[in-house]
Amino acid sequence: MTSVNQLIGVSLGYVIFLFAIAYLAERAAQRGKGGWLRSPLVYTLSLSIYCTAWTFYGAVGYAARSGMEFVTIYLGPSLVMIGWWWALRKLVRIGRAQRATSVADLISARYGKSNLLAIVVTIMAVIGVTPYIALQLQSVTLSLSIFSEPGGDAPLNQLIAGFWVAFGLAIFTVLFGTRNLNANERHDGVVIAIAVEAVVKLIALLAVGIFVVWGVAGGLAPMMEQIDASPIGAWDMDRSRWVALTALSAAAFLALPRMFQVMVVENEDERHLQIASWAFPVYLLLMSLFVVPIAVVGLDLMPAGSNPDLFVLTVPLAQGQVGLATLSFLGGFSSATSMVIVATLALSTMVSNHVVMPVWLNLQGPGAQVSGDVRNVVILSRRASILMIIGLGYLYYRFSGGGSALAAMGLISFAGVAQFLPVMMGGIFWRGATRWGALAGLCVGFSVWVFCSLLPSFGPGAVLSVATFDTGLFGLSWLRPQALFGISGLDPTVHAIVWSITLNTTAFVIVSLFIFPGPLERLQGAQFVNVFDHSTQARGWDAALATSEDLLIMTQRILGATEALDLFRAEAARQGVQGHLPEPTPGFLQQLERELTGSVGAATAHAMISQLVGGASVSVQDLMAVADESAQILEYSNQLEAKSAELSRTAGKLREANAKLTALSVQKDAFLSQISHELRTPMTSIRSFSEILRDTDGLGQVEKTKYASIIHGEAIRLTRLLDDLLDLSVLENGQVNLNFETGTLSSVLEKAILTAQASGTGALDIRRRHLDEAVTLTTDLDRLTQVFINLITNAQKYCQAEQPRLVIEVRQEDGAIAVVFSDNGMPIPPAARALIFEKFARISDNDEAGAGLGLAICREIMTRLGGEISFLGGPSGNAFTVHLPTQAALAAQ
Amino acid sequence: MSDAGASPPVFLEQRGYRRRRLMDALRLLPIAGIALWLLPVFWPTVADGPDAPEPMAMSSAIVYVFVVWIGLIMAAFALWAVLFARRDTSADQDDEAL
């Protein structure tokens, strides 16, 4: 028979073996040879911390009491793993992208890096997990006591044994988990030790199972018969429990801090999750495969009243299989230790990052330099947290009397941590989830859990009075802990789960719907929900005032001197800066914050950086304000731009006007010189001839008459010139008074032709189509006649064809009237065409009769009348088209 | 978010099509698991009383639960082997837009 001392010796040897493996693994990892440490197999095995001593011992006890109900605890996680694509994939990706170190860190990061939320989650996790740790202590001491009984010489004091187990576990965890402060919060040594323990407990349980089926029952078929004949041989299932426990275990699998630790924090590669999606259900299946057979054989072999939770040990012992029993003990020991180590690590990370560090940082005073080695503070606070958590577990174990069934304690714990699930899932799938919503949901769910599940677990009269159980809190019957709102008849566990999760989710959703989230929350929400679209961090730092040196000092204190130097050197090299101090760019600060997050959590890292960057730390609120400001500036600059565009347009116009004025001035000078020239020519001849008449005696009558008629002719020419000038000036200045009359085009043309022919040589052959000319006009007919006369006179003067001919056509186009005067004279050369409507523009130099004002006057008149005159040169002559205004013709029609 | 780029093709070549249907299967697998494991809720139990039909035998219940379990695991393994075993993680980005 194995004595307790031998067993303790074996256990110690086993622990030393584990420690050696962990140590070697960490050394290998430090040397960069740790590739095999991070294989999918190790990842899958590390997930097995889900199977604690509760599984190892409790499942059999559970099966002996309630048949197949135990399996729901494994069905839930199997479904979660098989459905990894839905939730786990996103959770792992977010955890890695945000460097979440724990459930509390994840939730706080999601809801705007709120430390309040992190503290609430931490406290809830500690309260929720404490019964679970007590459970492990209980199972180890119980299993030890089994071995002590047969000896009889020294009955084991379970409370003292429990204390030593707790003490041993605490030392073990401190040694394993806080040997160094890893930047990623990953523990290679712990993970590999857990993987080894996973193998040990699986082998132990399978060995006992195989022994029971083939060694005791005599094979598979007899085993099945024995099962059907046993007290649990018929399907006896509370239907609501089947569903509720499956759902609860699935929820707890996602929300348990220790599962988050191994599944997300220790995850090295997302592909490992894909493999674990089928490999971990295999592990769970194997763990539960022999549970019912062991329970049935135990019920059959063991005396009535023996604890079914320990059948895994007592059955082999009763059969004299001491070696198998020892293996089984080691399996249970492995289950308990691995769970306690990881759970305590996860919790201590939360406690130290979200409770101890913020308090400590606050005590340092705002803006003060972080003094002392923060690394030591962090490690110290973690060690203290570990001792505190295990201590709490021991106290719970001690005061709960260690009597309740393992499964019941486990379920209470599950229901407690499941309260995180709505907030977690809401956080990663719903952008509208807000911090206050999360806080409300957590508090409501947790209160309901405490009232309906945790406090009643101590039994009536322990914490809650019997009266409370019977008549409800404060005598309100609808506040009975196991029949809330008067709904009695539900299984207490199902009752607690349904109400806590329902009220939790309701409060979470309703408060989230009504609260407007802060900017950081909204940014983080977008980052979480859309993690597959972009994995960038919210920008948050203005590094203008943070000096690299201060940052380096702070980083050294948290990450360690070499690691920090490496980090800064790498960044300096990346920036192309000499030495080891890079520029504190916002990007670098962000990276630094993430590195620190790995060690001290998101909220603390944020706080530490902001302490250094001081007043220059830019909160997202500030960023938003800046964004508003820049939007205003943008608007202002847009306005400025518009104004400047307007100014440049005006300047352009002014330049144009100036050019025009200059041109006009030139034109005016030209005009003046032209006009003086035009006036001087007749004046010269008038003066000369009048001098001849005055000074020369003896002029004959014929000569006198000749000279006088020359003077007269010149005077007429002068008068005409002045008339034209006056006319043009009047027209150009717009001072002309138009005298509107109604008449026919035909009569206007008739008059014009008559006038022109009267003054001209009359050799011109004018052709008209009288039918077309029957158009009534309302316009200044005299002025129009003047235009026509001018055109006809021009044709008379300049058409040098042998048989000069002028064709006058009237065209009607869309109600507008065009009168075309086309002759058969020499076409005007193209170069001169642009100038013919200008003042003093004369085509030929031999023209003495005209001053070159006729067409200019025509154009002015037509402009005044609202029409226009245009020239069209052709191969066989020139054509002038007079366009009459539409309304002039229409009004008359 | 509307992208100015070309819209994705409506129809895929056979390999891509097959892959997407396998992804659908992967998503539906846990739902199938829930349905199958919910079935025991409808079995007659001892608690139904003496007049109710004979309760399900424990051995049959065990066989049923474990066979479903093995089936789900095998399906999950097969889907993993086809979809992911020879692919790197970077490639699963495009699966988002199935």
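1. Ground rules. This is a predicted model, in which local features need pLDDT of at least 70, side-chain atom pairs count only at pLDDT 80 or more, and totals for chains, interfaces and linings use all residues. Residues are numbered from 1 along each chain as its sequence is written, while chains are lettered from A and ligands numbered from 1 in the order in which they are written.

2. The A–B interface. Chain B puts 31 residues in contact with 34 residues of chain A (contact: C-beta atoms, placed from the backbone, within 7 Å). On the chain B side, α1 (14–38) and α2 (58–83) are the elements that give two or more residues. Helices here are DSSP runs of H or I with at least four residues, strands are runs of E with at least two, and both are numbered from the N terminus. The largest share, twelve residues, comes from α2(B).

3. Interface composition. The chain B side that touches chain A splits into 25 nonpolar, four polar and two charged residues. Nonpolar means Ala, Val, Leu, Ile, Met, Phe, Trp, Tyr, Cys and Pro; charged means Asp, Glu, Lys and Arg; the others, Gly among them, are polar.

4. Cores. The largest nonpolar core holds 223 residues. Such a core is a set of buried Ala, Val, Leu, Ile, Met, Phe, Trp, Tyr and Cys residues joined through C-beta atoms within 7 Å. A:I107, A:V121, A:A255, A:I294 and A:A295 touch the most other members. Helix α16 (residues 322–363) of chain A gives the most, 19 residues. A second, separate core has 34 residues, including A:L764 and A:I857.

5. The sheet. Five strands of chain A form an open, mixed sheet in the order β4-β6-β7-β9-β8. Strands pair if DSSP finds at least two bridges between them. The edges are β4 (765–768) and β8 (868–874) of chain A. β8(A) and β9 (residues 877–884) of chain A run antiparallel, joined by seven bridges. A:I869 stands opposite A:V882 in β9(A). Helix α33 (residues 854–865) of chain A lies across both strands, at about 130 degrees to β8(A). Axes are lines fitted to C-alpha atoms, for helices over the stretch in contact, with angles from 0 to 180 degrees between N-to-C directions.

6. One backbone point. Most residues other than glycine have a negative phi. A:K113 has a positive phi of about 50 degrees, yet is not a glycine. A:K113 sits in the loop between α6 (103–110) and α7 (115–151) of chain A. A:K113 counts as buried because it has 27 C-beta neighbours inside 10 Å (buried: 20 or more; exposed: 12 or fewer; partly exposed in between).

Terms used: Two residues are in contact if their C-beta atoms, placed from the backbone, lie within 7 Å.
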